Amino acid sequence: MAELGSKGVTAGKIAINVQKKLTRAQEKVLQKLGKADETKDEQFEQCVQNFNKQLSEGTRLQKDLRTYLASVKAMHEASKKLTECLQEVYEPDWPGRDDTNKIAENNDLLWTDFHQKLVDQALLTMDTYLGQFPDIKSRIAKRGRKLVDYDSARHHFEALQTAKKKDETKIAKAEEELVKAQKVFEEMNVDLQEELPSLWNSRVGFYVNTFQSIAGLEENFHKEMSKLNQNLHDVLLGLDKQYSGNAFPVKAQPRKKTKLFARLRKKMSSDSTPAKANKSPSPPPDGSPITSPETKTVNHDLEPSTLETPGASIPKSPSQPAEAAHAGAEAAGSEAAAGAEPSKTEADSGSSSLPAVVVETFPATVNGTVEGASSERADMPPGFLFKVQAMHDYTATDSDELQLKAGDVVLVIPFENPEEQDEGWLMGVKESDWIQRKELDQCRGVFPENFTERVQ
């Protein structure tokens, strides 16, 4: 019987709850349709809006604070790995070995302490602050339901009072239900009317305390970390002084392409005396110091197919060098033709056993200046781009490279064949060499760009 009674009570409560839900749903429909009035409280609705805003802001702050703590932990792990690396590479016989170990230990403790204090003074406080919102949110929802019950009871009582046939028993019972519903609603409403404004105003103090705690913890952490970093700096400075002779060297990028100028200079070093004489044409009749087009005749014993000199003409018979030289002279003018004539004579008088020659023609220059060049760069080598200054000494490792001393100024010029240029390398001539000799063939060379700094 007890079990049946218990089940009966449970079934009765369920039925009552179902009936309440149906009544509330019906009341809300009537209110939305405008067939029943709804009790309004604008002041309370404003409090609810503030509550929802405060909850949203607090939830975001909690999320960002957790992200911040995760970042601090990640930084701790990264810093720990870095100090462990330092301990591994720091050899036992180096000075300050024990100091670096102690600094690494203190560094780890400092990060751990910082993270734990952030959890205790910021995150846990944040969790406590947000912990009160779910209960208040539930009470606000319950108040809303009780308000609907109150409106429903009020409308039911009013309907019975205005009915044509009045049933005093039903009216009395409806009035009793109305008073009960009003009491329950007003008790909840009064409590929330007091709590919500108080909770809203508390946000200012909470935000101040939270961010002050974080700022204070960060300040102390960075102060202590700064001391550790200074100690580490001093230890490493002592190590550097003891091994000051082993400075970190500046290295040039490796070269991979063909050493063009080394090959050219090797060919030119084998020039015969008659061929060298052809490099200096006879001066023009008016005595002006014009030079070019120069006709450089280079003897060699290589097969014609092995020559790759840009702009070169590879003759197949003794008469062809003379024709090439003569053609170059005519292209440059009558003055230059006089200077190129000896080469033609020597070639015509030679026998078929003479070696092949390479004829190169260079642009005309007047007083060391390329014709048509601007007056601003009249004293610069042809194709001058800009100036650089050597910041470090560089020892040439090949015959086509420039030997540099710190402070040397180099005039940068383009490669005749851009495909010859290696990454990180420039072509140029030292300014001092250019001023003294005005000859690119013997002065120019390649050098590593990272050893220099642009100055113009």
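Biologist: How many residues apart in helix α3 (residues 97-131) are K117 and D113?

Modeller: Helices here are DSSP runs (H or I, at least four residues), numbered from the N terminus. About one helical turn separates K117 from D113 in α3, because the two are apart by four residues.

Biologist: How far apart are the closest N and O atoms of K117 and D113?

Modeller: Residues are numbered from 1 along each chain as its sequence is written, and side-chain values use heavy atoms, with hydrogens and water left out. Side chains of opposite charge can pair when their charged atoms come close. K117 and D113 form a salt bridge (Lys or Arg side-chain nitrogen within 4 Å of an Asp or Glu carboxyl oxygen), with a closest N to O distance of 3.3 Å.

Biologist: Which residues are in contact with Q193, leaving aside neighbours within four places in sequence?

Modeller: Q193 belongs to helix α5 (residues 168-242). V48 is 145 residues from Q193 in sequence, yet their C-alpha atoms are 9.7 Å apart. With contact meaning heavy atoms within 4.5 Å, the partners of Q193 are D41, Q43 and F44.

Biologist: What is the mean pLDDT of the protein?

Modeller: Residues 1-7 stay under 50 and have zero contacts beyond four places in sequence. Residues 272-376 are also below 50, although that stretch has 114 contacts beyond near neighbours. Where pLDDT is low, the predicted coordinates should not be read in detail. Of the protein's residues, 68% reach 70 or more, and the mean is 77.

Methods: Predicted model: local features only at pLDDT ≥ 70, side-chain atom pairs only at ≥ 80, totals over all residues. pLDDT = per-residue confidence, 0-100.
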